[in-house]
Amino acid sequence: MLKIITIPTTAFAQNSRIIFDTESGGALLVDPGSFSPYFETCLEHHQLSLKAVILTHGHLDHVGGAAQAAQKYEVPIIGPAKEDAPLIAALDRQAAAFGLPRCEGFEPHYVKDEDELELLPGFKFKVLATPGHTPGGICWYQKDQSFVLSGDTLFAGSVGRTDFPGGDFNAIEYSIREKLYQLPDEIAVLAGHGPDSTIGDEKLHNAFVRA
């Protein structure tokens, strides 16, 4: 069984998450916008072994702590898609634009649409390419436990901004309709900011993209 702990990080209240297998004790760190001391506390308290850092896209508030976490625990950084490589290469410029400290760079293992990775023993995560908020944005779908990590593609009642460089509203609308809204209604939407939702609720009530 997988359990999920949500840890807001950065001034943007980004939802970093620790996902762990209650049987093996293996864990994933999702979108660490900064390296929060709560990550270490959580891993130690639950006696977890971090296996990977996984990312949904290349914006600083989702990746700012990735390098530090990967180095400390000697684990790979997986995701997003290759199209976000220019964003990751420009992390220092992203930090400067928001008046934040220098961000350490890294080279992730990029993924492709429809990739399926067994990130924890017995649990496969499927990559859904969802460009629009960024060119290489992805979502991570875990079918058996009925959730999708939607990053900044789909929020409760809203969608990710598309006015940043590389953003495209037509692309994010297509991504949501053709990828996320094709999932079963009961799938939990674990968003990058704000409260969680479900696919069914968003199809009915999302103010930007209705089914």
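Modeller: In this predicted model, strand E9 (residues 138-142) and strand E10 (residues 147-151) run antiparallel and are joined by three bridges.

How many of the five residues of E10 are buried? Five of the five are, so the strand is largely enclosed by the rest of the structure. The burial can be followed face by face: Phe147, Leu149 and Gly151 are buried on one side of E10, and Val148 and Ser150 are buried on the other.

Next, the open sheet. Six strands make it up, in the order E1-E2-E3-E4-E5-E6, and their pairing is mixed. Strand E1 (2-9) and strand E6 (109-111) stand at the edges with a single partner strand each, so one side of each has no neighbour in the sheet. From one strand to the next, the twist averages 25°. Within this sheet, strand E3 (residues 26-30) and strand E4 (residues 49-54) are a parallel pair with five bridges; Val30 has Ile54 as its bridge partner in E4.

Asp21 and Leu2 are 19 residues apart in sequence, yet their C-alpha atoms are 4.6 Å apart in space. Beyond its neighbours within four places in sequence, Asp21 is in contact with Met1, Leu2, Gly26, Leu120, Pro121 and Phe123. The side chain of Asp21 also makes a polar contact of 2.8 Å with the side chain of Ser24.

In helix H1 (residues 37-45), the buried residues are Phe39, Cys42 and Leu43. Seen down the axis of H1, these residues fall within an arc of 95°, so they line one face of the helix. On the other side of H1, Pro37, Tyr38, Glu44 and His45 are exposed. The cover over the buried residues of H1 includes E1, strand E2 (14-21), E3, E4 and H3. Both ends of the helix have a detail to note. At the N-terminal end, Ser36 caps H1, with a side-chain oxygen 3.1 Å from the backbone nitrogen of Tyr38. Just after H1, Gln47 takes a positive phi of about 55°.

Helix H3 (residues 66-73) lies across E3, E4 and strand E5 (77-81), and it runs at about 150° to E4. Its buried residues are Ala66, Ala67, Ala69 and Ala70. These fall within an arc of 165° seen down the axis of H3, so they line one face of that helix. They pack against E3, E4, helix H2 (60-63) and E5. Just after H3, Glu74 takes a positive phi of about 55°.

Note on methods:
Residues are numbered from 1 along each chain as its sequence is written. This is a predicted model: local features need pLDDT of at least 70, side-chain atom pairs count only at pLDDT 80 or more; totals for chains, interfaces and linings use all residues. Side-chain values use heavy atoms; hydrogens and water are left out. Two strands pair if DSSP finds at least two bridges between them. Helices (H or I, at least four residues) and strands (E, at least two) are DSSP runs, numbered from the N terminus. Axes are lines fitted to C-alpha atoms, for helices over the stretch in contact, and angles run from 0 to 180 degrees between N-to-C directions. Contact means heavy atoms within 4.5 Å. Buried means under 20% relative accessible area, exposed over 50%, partly exposed in between (1.4 Å probe, protein chains only). The arc is that of the directions from the helix axis to the C-beta atoms. A polar contact is a pair of N or O atoms within 3.5 Å; within protein, one must be able to donate a hydrogen and the other to accept it, and residues adjacent in sequence count only if both atoms are side-chain atoms.
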